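Let's work through a handful of exercises on one protein. Keep the viewer open and try each task before you read its solution.

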Amino acid sequence: MNNPLLEVKDLKTQFKLSKGTVYAVNGISFTVHEGEVLGIVGESGCGKSVTALSIMRLIEKPGEIVQGQVLLYDENGKATDLLALKESEMERVRGNKISMVFQDPMTSLNPVFTIGFQIMEPLKQHRHMNDRQAKEYAIKLLERVGIPEAPLRLGEYPHRFSGGMRQRVMVAMAVACTPRLLIADEPTTALDVTIQAQILDLLRELNQETKTSIIIITHDLGVIAEMADQVAVMYAGLIVERGTVREIYNTPRHPYSEALMSSIPRLHTLTDKLTTIEGAPPSLVKEVMNCPFEPRCKYRIDRCSEEMPLLTELSPGHACACWVAQEGGLKHA
């Protein structure tokens, strides 16, 4: 296995609201290795996007990162804790060593600046290019992501682009400085299947050509199956299972992972009714002290309602936070 690039340790992010504290990310740990694609999957509200924003240090009040480390390793294996950096130091990391493709490109792109200005800005800031060099490179980036008539489109504003083209522009901006890690938060949401395939092809090419590591965050299990090497399943602000794509999809050990896999429509077993997960995720306004999936779990035992299971390796590289699985159940899920 390649050397670690990013290591998240016991990360906790909370939002202090008038109705109480929202425990959005509640002590998660994971590692991304050089050249690896990690998929983070889970229902809406499970903490996926907050995890990404925490890594980028983009959590705004009333949100706060209250605990943990986010270690970024350089080429020599030396670690820097991003959470300990000054904001001015973190600005040199964003868009340079770590870039992010945000979920909604219309709100992420600044409507008062041209597309060219927004792509050229990080090139001048991090790569110290002059205007001519940055413009030439920006045109190449737009051509690479499939924007037609790139020299002309460079001077246009975001509202002149379709949703799919704006997402391509976001990818161009994210890869401009050849980051070592790219975080893609729901990069294909609300795109038609043709554009979705093109965006995923772009990310795959980036990973293969430049060995850029990728964290892809989505609720789309098909995207994870196509893109990821490793998968982390999130539920209620926690990682409940972690393993390879093959392990998670073929032999899930956590009841929530099993339920997710069962909910995927399959062509060879078409029925009139889709499989759903009964119940609803817990409110994160109250800190969960036992297994958060217990109320929805058909395998639950008494211990599940009394004690929080820790993420524990069941086999090399395959970890699960479930008392039933740790006691030998769900082996043939």
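Predicted model: local features only at pLDDT ≥ 70, side-chain atom pairs only at ≥ 80, totals over all residues.

A pocket, on a 1 Å grid over the protein atoms alone, is an open set of points with protein on both sides within 12 Å along at least five of seven lines, and its lining residues have an atom within 4 Å of a point. A cavity is a set of points where a 1.4 Å probe fits but cannot get out. Residues are numbered from 1 along each chain as its sequence is written, and side-chain values use heavy atoms, with hydrogens and water left out.

**Exercise 1. The largest pocket**

Find which residues lie nearest the centre of the largest pocket, and which element gives the largest share of its lining.

Step 1: get the volume, that is, the space filled by probe spheres set on the grid points, which are joined across faces, edges and corners. For the largest pocket that's about 630 Å³.

Step 2: look at the lining. It has 21 residues, and Arg94, Gly95, Phe102, Glu121 and Met173 lie nearest the centre.

Step 3: assign elements, taking helices (H or I, at least four residues) and strands (E, at least two) as DSSP runs numbered from the N terminus. β6 (98–101), α4 (115–126) and α7 each supply at least two lining residues. The largest share, six residues, comes from α4.

**Exercise 2. The largest cavity**

Work out which residues line the largest cavity.

Step 1: count. There are two cavities of 30 Å³ or more, and the largest holds about 50 Å³ of space.

Step 2: list the lining of the largest cavity: Arg144, Val145, Val171, Val175, Leu202, Leu203 and Leu206.

Step 3: sort by element. α7 and α8 (193–210) each bring at least two residues, and α8 has the largest share with three.

Step 4: stay on α8 for one more residue, Asn207. Asn207 counts as buried because its relative accessibility is 12%; buried means under 20% relative accessible area, exposed over 50%, and partly exposed in between (1.4 Å probe, protein chains only). Setting aside neighbours within four places in sequence, Asn207 is in contact (heavy atoms within 4.5 Å) with Gly35, Glu36, Val37, Thr212 and Ile214.

**Exercise 3. The nonpolar core**

Which residues touch the most other members of the largest nonpolar core?

Step 1: set the rule. A nonpolar core is a set of buried Ala, Val, Leu, Ile, Met, Phe, Trp, Tyr and Cys residues joined through side-chain atoms within 4.5 Å.

Step 2: apply it. The largest core has 100 residues, with Leu6, Phe30, Ile183, Ile215 and Ile216 touching the most other members. Helix α7 (residues 163–175) supplies the largest share, seven residues.

Step 3: zoom in on Ile216. Not counting residues up to four places away in sequence, the partners of Ile216 include Val37, Leu38, Ala184, Leu200, Leu203 and Met227.

**Exercise 4. Rings and charges**

Track down the stacked pair formed by Phe113 and Phe117, then find what sits over Phe161 and Trp323.

Step 1: pair the rings of Phe, Tyr and Trp (its six-membered ring) if their centres lie within 6.5 Å; planes under 30 degrees apart are stacked, over 60 edge-to-face, and the rest tilted. Phe113 and Phe117 are stacked, 4.5 Å centre to centre with 20 degrees between the planes.

Step 2: look for a cluster. Tyr235, Tyr256 and Phe293 form one.

Step 3: The charged end of Arg153 is over Phe161, 4.3 Å from the ring centre, and Arg303 lies over the face of Trp323 at 3.5 Å.

**Exercise 5. A covered helix**

How many residues of helix α11 (residues 255–262) are buried, and what do they pack against?

Step 1: count the buried residues: seven of eight, so α11 is mostly covered.

Key:
Lys NZ or Arg CZ within 6 Å of the ring centre and 35° of its normal.
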